[in-house]
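Hi,

Here is the structure I said I would pass on. Have a look at it first, and then read on for my notes.

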Amino acid sequence: MRIVLGVCGGIAAYKAALLLRLMTESGHEVHVVPTRSALNFVGEATWEALSGNRVHTDTFEAVDEVNHVLQGRNADLVIIAPATADFLARTAAGLAPDLLGNIMLTATCPILVAPAMHTEMWLNPATQANVATLRHRGITVLDPDSGRLTGSDTGQGRLPEPATIWDHAQNLVSPSAGALEGKHLVISAGGTREPLDPVRYLGNRSSGKQGVALAVQAARAGARITLIAAAMDIPAPQHPRIEVVEIESTRQLLDAVLTHSRGADVLIMAAAVADFRPRTVGESKIKKTAEQPVPVIELEQTEDVLATAVQTRNEEKNLPGLIVGFAAETGDEHGDVLTYGKQKLDRKGCEMLVVNQVGVGRVFGQDDTEVTILYADGREAVTATGTKDQVATKIISAVAEQFSGR
Ligand code: CTP
């Protein structure tokens with residue numbers, strides 16, 4: 001792996017030397033890019049000796065040798081340790097005063113940032129807002145450890161141990177890194193809303209977290225993604241390879257899925273789609289009056305987007321050869337979650353179905369989840385548990401395997 005290790009000016013810079021050791025000893029090619037102030041703590045000679053590579057700080061240094069765009073673009077992983085409050089602010093603002101800043105703007109690989117600073121600086125609302133901005137952009141920012149700081153003071157702000165940072169970094173690099181290079185994935189996320197009148201709608205509890213996690217993991221695997229976003233509780237990811245198409249209703253979802261799936265390689269239907277919508281939509285807000293009886297809302301069935309996509313693909317052939325459905329299931333006295341999942345896989349006609357057990361407070365909006373991936377070709381089901389990110393990694397690996405013919 002080609003790793004860029006960015007080092008900022010903080011006392012914990014010396015720990016980055018140990019981190020560098022861990023990486024080179026595992027056989028990775030590491031390019032250290034210190035900020036100018038980092039060199040006050042650990043000098044160029046140390047970085048060059050430990051990495052075996054020349055060290056540069058400024059964009060206009062050795063221009064013929066170091067292409068500031070290629071350094072970021074060619075990296076498989078960028079780790080910043082330690083990251084100062086100032087670096088977080090610069091990165092949140094998109095500033096590029098030096099080589100490291102340029103790399104932050106050009107890297108499309110996973111980025112891990114490990115901040116270290118005094119507790120007050122870490123807890124300062126400006127720093128916290130910058131961290132939130134970076135996290136929304138898909139950058140992984142570790143929380144600093146608590147313990148002894150530079151002087152005799154203690155608190156949150158310590159750089160996590162090099163082994164811990166390296167562990168996180170390895171988890172970040174998708175096991176399917178590059179496996180979806182050149183592929184186009186269409187992923188739906190969030191919950192649809194069916195209008196009742198101009199201000200009211202019928203909706204559901206889907207947060208969009210799973211669909212967004214899938215889009216981020218697929219982007220890490222090298223794919224181009226069209227994320228069709230219904231209502232979500234979280235912001236859409238910002239990634240150069242993720243295009244976001246916002247929709248609201250099931251009808252709009254169907255249109256967007258059919259339009260964007262043409263010529264795509266994979267369709268993943270992670271959105272929670274309404275099964276019913278109000279038969280009529282009021283042109284003006286339904287009024288509450290003493291004379292009028294309480295309205296009765298008549299519902300009609302919505303289009304089944306997944307089944308329609310499968311059917312259209314089977315007839316016209318220019319839709320994705322791999323269609324993945326999701327199933328939110330609860331078991332009952334007639335069958336368990338997997339039995340219902342298998343029936344749904346047959347009914348929908350897709351190639352893979354990711355089955356989730358749901359109930360109020362379970363899965364919807366929660367960070368941890370457990371899913372079982374069922375295959376239509378009879379392959380053995382795969383179970384994945386953990387955060388929605390971890391589960392997304394497993395699902396994207398399963399998708400990537402379909403292309404590697406394994
Ligand atoms: N789905 C869809 N269009 C719908 C309903 C669901 O495309 N109108 C998709 C979902 O995005 C998901 C899969 O179908 O990928 C299964 O969703 P789920 O709600 O579990 O299944 P339903 O078909 O609604 O079946 P039921 O509610 O009867 O269990």
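Let me begin with strand 3, which covers residues 77-83 and includes Pro82. The peptide bond between Ala81 and Pro82 is cis, with omega at about -5 degrees. Bear in mind throughout that this is a predicted model.

Lys317 isn't a glycine, yet its phi is positive, at about 70 degrees. You'll find Lys317 in the loop that runs between helix 11 and strand 16 (322-329).

Helix 10 (residues 250-261) and helix 11 (residues 305-316) have axes that come within 10 Å and cross at roughly 30 degrees. At that angle, helix 10 counts as roughly parallel to helix 11. The crossing of helix 10 past helix 11 is right-handed. On the helix 10 side the contact uses Thr250, Leu253, Leu254, Val257 and Leu258, while helix 11 brings Val305, Thr308, Ala309 and Thr312. Sorted by type, the residues where helix 10 touches helix 11 are six nonpolar and three polar, with no charged ones.

If you want to show the side chains, pick Lys15, Leu18, Leu19, Leu22 and Met23 from helix 1, which meet Pro162, Ala163, Ile165 and Trp166 from helix 8. The contact of helix 1 with helix 8 has eight nonpolar residues, no polar ones and one charged.

Then there's the pair made by helix 4 (residues 85-93) and helix 7 (residues 125-136), packed at about 50 degrees with 9 Å between the axes. That angle makes helix 4 oblique to helix 7. What is the handedness as helix 4 passes helix 7? This crossing is left-handed. Helix 4 makes the contact through Ala85, Leu88, Ala89, Thr91 and Ala92, and helix 7 through Thr127, Asn130, Val131, Thr133 and Leu134. Of the residues in this contact between helix 4 and helix 7, six are nonpolar, four are polar and none is charged.

Last, the aromatics. How many aromatic pairs does a search of the whole structure find? The answer is zero. There is a charge over a ring to look at, though: Arg379 sits over the face of Tyr375, 4.2 Å from the ring centre.

That's it from me, so over to you.

Cheers

Notes
Residues are numbered from 1 along each chain as its sequence is written. This is a predicted model: local features need pLDDT of at least 70, side-chain atom pairs count only at pLDDT 80 or more; totals for chains, interfaces and linings use all residues. Side-chain values use heavy atoms; hydrogens and water are left out. Rings of Phe, Tyr and Trp (its six-membered ring) pair if their centres lie within 6.5 Å; planes under 30 degrees apart count as stacked, over 60 as edge-to-face and the rest as tilted. A charge sits over a ring if NZ of Lys or CZ of Arg is within 6 Å of the ring centre and within 35 degrees of the ring normal. Axes are lines fitted to C-alpha atoms, for helices over the stretch in contact, and angles run from 0 to 180 degrees between N-to-C directions. Helices (H or I, at least four residues) and strands (E, at least two) are DSSP runs, numbered from the N terminus. Angles under 35 degrees count as roughly parallel, over 145 as roughly antiparallel, 65 to 115 as roughly perpendicular and the rest as oblique. A crossing is left-handed if the near helix is turned anticlockwise from the far one by less than a right angle, and right-handed if clockwise. Contact means heavy atoms within 4.5 Å. Ala, Val, Leu, Ile, Met, Phe, Trp, Tyr, Cys and Pro count as nonpolar, Asp, Glu, Lys and Arg as charged, and the others, Gly among them, as polar.
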